[in-house]
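Open the model in your viewer and get ready to click around. We will go from stop to stop, selecting a few residues at a time and looking at what surrounds them.

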Amino acid sequence: MNVRPVVLASETDLAGWRAQARALLLEGLPPGQVAWSISGAERDLFTLIPEQPDSAAAAGNSAGAGPPVPRRFIALAEDAILHSDPARLAVLYHLLWRLTHGEPKLLAVAADPLLRRAEVMAAAVRRDIHKMHAFVRFRTVTDDDGEMSVAWFEPAHHIVEKAAPFFVRRFSDMRWSILTPRRCAHWDGEALSFAAGHAGGEPADDDAIDDLWRRYYASIFNPARLKPKAMRSQMPQRYWHNLPEAALIPSLCRDAPARAEAMVKAAAAAGLAMTAEPGPKEGPTMLLETEIGNIDTLRRDAAGCRACPLYAPASQMVFGEGPVPAPLMLVGEQPGDQEDLTGRPFIGPAGMLLDEALRDAGLDRRAVYVTNAVKHFKFVMRGKRRLHQKPNAIEIDACRSWLQREIAVVAPQTIVALGATAARALAGRDLRIGTSRGRSLTLDIHHDVRVTVHPSYLLRLPDERARAQEYQAFVADLAQVAQLAPLAAVRS
Ligand code: URA
């Protein structure tokens with residue numbers, strides 16, 4: 001049997017993958033006869049690649065329209081293709097093949113192992129992007145143009161290109177570089193560009209970041225391609241003496257011929273082409289399963305939380321519930337009386353109304369992860385009754401790290417804040433529901449966050465007509481979310 005080698009331009013070449021897959025489908029080549037790989041093209045500082053490179057053109061973008069593919073699959077592929085598992089390209093092509101060869105409803109078969117594998121990959125990628133946004137810490141180095149910021153980060157997947165625009169939005173007026181072993185991102189105040197990864201390591205302090213920057217600069221310097229003219233055009237010579245890395249330039253230039261010769265000899269001895277780059281060390285899928293198991297550890301840890309006084313009178317901590325990973329997460333305020341007694345979120349009157357609204361909006365609660373901003377029930381006693389009390393800002397903020405860690409593990413594409421308490425927990429500040437409703441919030445965390453009312457608000461409305469109207473508006477908000485997180489929609 002002949003196997004067709006298909007080579008993509010880069011690890012993140014979605015457009016190339018789509019064009020190739022389309023051409024292969026039109027040709028009728030089954031998944032078992034395709035061997036996917038990534039080209040080992042070398043890239044360095046002086047061939048910085050602009051944002052969003054792809055090999056679609058090379059793949060034959062004009063290969064014809066190809067069979068129609070559900071939007072849901074495209075959304076899944078966009079994330080899963082960034083996973084570090086080399087099998088992801090084949091997994092996606094296999095899914096596409098089945099979708100277009102007699103299994104058009106495949107995406108509705110939640111238990112299908114191949115679909116599950118792709119969904120787990122996509123969720124891991126989203127989680128990795130979230131971590132990068134949350135944990136990158138810039139340190140300052142100084143050059144002739146003033147201060148610039150450098151950070152080190154070790155992503156598990158090929159997420160640097162997708163995660164970088166977030167830093168452009170947040171830090172548009174400073175120059176920065178984020179170095180990672182997979183890819184390095186550079187923002188010069190005007191343009192975002194990417195270069196090959198760097199084998200550095202977490203810098204312990206400001207001196208270490210200087211050192212890291214120098215080593216990075218030395219490592220991207222390819223003596224076989226010494227082009228002082230190009231170097232000068234990228235970085236005018238008058239700046240060289242001020243840059244930490246510039247101290248290296250004279251010796252790098254002097255040693256270039258000898259180093260180039262040594263590289264050729266070493267490559268020849270190893271039987272390698274000069275352009276061959278070592279492939280990234282791939283993280284096995286098993287690691288993901290371990291990470292996903294962390295929801296149990298998190299729940300156990302949260303059960304012992306004493307960060308605010310609410311734990312004392314409550315019966316128990318009420319943690320989130322639902323699939324992990326999940327495409328959609330709903331965040332409520334805090335457990336009510338029944339939730340406190342049973343240990344499960346949203347099972348009382350507000351929960352029943354929520355279930356009904358989810359159904360009316362075409363969402364399947366079983367596919368949704370449901371949790372609360374505050375994990376203990378806050379109440380006052382009135383006779384024998386426990387009356388709900390709104391948590392204050394201190395209590396919300398004390399619980400916030402549990403929610404953030406839950407989000408990192410569950411890795412939802414879309415998060416919905418039900419009411420003002422959830423909105424505050426997600427945004428880290430008070431938000432007005434009226435003005436935030438229906439819009440996508442740009443928060444520190446990288447997820448599509450939407451705000452709507454809390455179902456208890458509907459239950460409290462005294463006027464029946466107003467309640468019916470507000471209920472319809474609530475369902476409309478959730479229906480909008482169903483479009484954003486189609487994998488949580490009721491399976492048809
Ligand atoms: N209200 C909430 O916000 N959460 C629950 O779990 C129940 C009621």
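Start by selecting serine 177 and histidine 186 and showing their side chains: a polar contact of 2.7 Å joins the two. Keep in mind throughout that this is a predicted model.

Stay on serine 177, and colour strand β6, residues 175–179, where serine 177 sits. Is serine 177 buried or exposed? Serine 177 counts as buried, because its relative accessibility is 2%, and the cut-off for buried is under 20%. Now show what serine 177 touches, leaving out residues up to four places away in sequence: the neighbours are Phe138, Met148, Ser149, Val150, Ala151, Ala185, His186 and Trp213.

Select phenylalanine 194, which belongs to strand β8, residues 192–196. With a relative accessibility of 1%, phenylalanine 194 counts as buried.

**A pair of helices: α5 and α6**

Now colour helix α5 (residues 113–135) and helix α6 (residues 160–170). How are two packed helices described? By the angle between their axes and the distance between the axes. Here the angle is about 30 degrees and the axes are 10 Å apart. Angles under 35 degrees count as roughly parallel, and α5 and α6 are therefore roughly parallel to each other. Their crossing is right-handed.

To see where they meet, select Ile129, Met132 and His133 on α5, then Lys162, Ala163, Phe166 and Phe167 on α6. Of these contact residues, five are nonpolar, one is polar and one is charged.

**A second pair: α12 and α15**

Move on to helix α12 (residues 294–303) and helix α15 (residues 393–410). Their axes are 10 Å apart, and the angle between them is about 170 degrees. That makes α12 roughly antiparallel to α15.

For the contact, pick Asn294, Ile295, Leu298, Asp301 and Ala302 from α12, and Trp402, Arg405, Glu406, Val409 and Val410 from α15. This set divides into six nonpolar, one polar and three charged residues.

**Leaving α15: alanine 411**

Select alanine 411, in the loop between α15 and β13. Alanine 411 is not a glycine, yet it has a positive phi of about 50 degrees. Alanine 411 counts as buried, since its relative accessibility is 0%.

**A covered helix: α16**

Next comes helix α16, residues 420–427. How many of its eight residues are buried? Seven are, so the helix is mostly covered. Select them: Thr421, Ala422, Ala423, Arg424, Ala425, Leu426 and Ala427. To find what lies over them, show β9 (328–332), α15, β13 (414–418) and β14 (448–452), which are included in the cover. Just after α16, stop at glycine 428, which takes a positive phi of about 80 degrees.

Select valine 370 in strand β10, residues 368–372. Valine 370 is buried, with a relative accessible area of 0%. Apart from neighbours within four places in sequence, valine 370 is in contact with Gly320, Glu321, Leu330, Pro345, Phe346 and Arg365.

Phenylalanine 346 lies in the loop between α13 (337–342) and α14 (349–360). Phenylalanine 346 has a positive phi of about 50 degrees, although it is not a glycine. Its relative accessible area is 5%, so phenylalanine 346 is buried.

**A cis peptide bond**

Now find valine 324 and proline 325, which are joined by a cis peptide bond with omega of about 0 degrees. Proline 325 is in the loop between α12 and β9.

**Zoom out**

Finish with the whole chain on screen. The protein chain has 19 helices and 14 strands. Of its 492 residues, 48% are buried. Among contacts between residues at least 6 apart in sequence, 74% join residues at least 24 apart.

Note on methods
Residues are numbered from 1 along each chain as its sequence is written. This is a predicted model: local features need pLDDT of at least 70, side-chain atom pairs count only at pLDDT 80 or more; totals for chains, interfaces and linings use all residues. Side-chain values use heavy atoms; hydrogens and water are left out. Axes are lines fitted to C-alpha atoms, for helices over the stretch in contact, and angles run from 0 to 180 degrees between N-to-C directions. Helices (H or I, at least four residues) and strands (E, at least two) are DSSP runs, numbered from the N terminus. Angles under 35 degrees count as roughly parallel, over 145 as roughly antiparallel, 65 to 115 as roughly perpendicular and the rest as oblique. A crossing is left-handed if the near helix is turned anticlockwise from the far one by less than a right angle, and right-handed if clockwise. Contact means heavy atoms within 4.5 Å. Ala, Val, Leu, Ile, Met, Phe, Trp, Tyr, Cys and Pro count as nonpolar, Asp, Glu, Lys and Arg as charged, and the others, Gly among them, as polar. Buried means under 20% relative accessible area, exposed over 50%, partly exposed in between (1.4 Å probe, protein chains only). A polar contact is a pair of N or O atoms within 3.5 Å; within protein, one must be able to donate a hydrogen and the other to accept it, and residues adjacent in sequence count only if both atoms are side-chain atoms.
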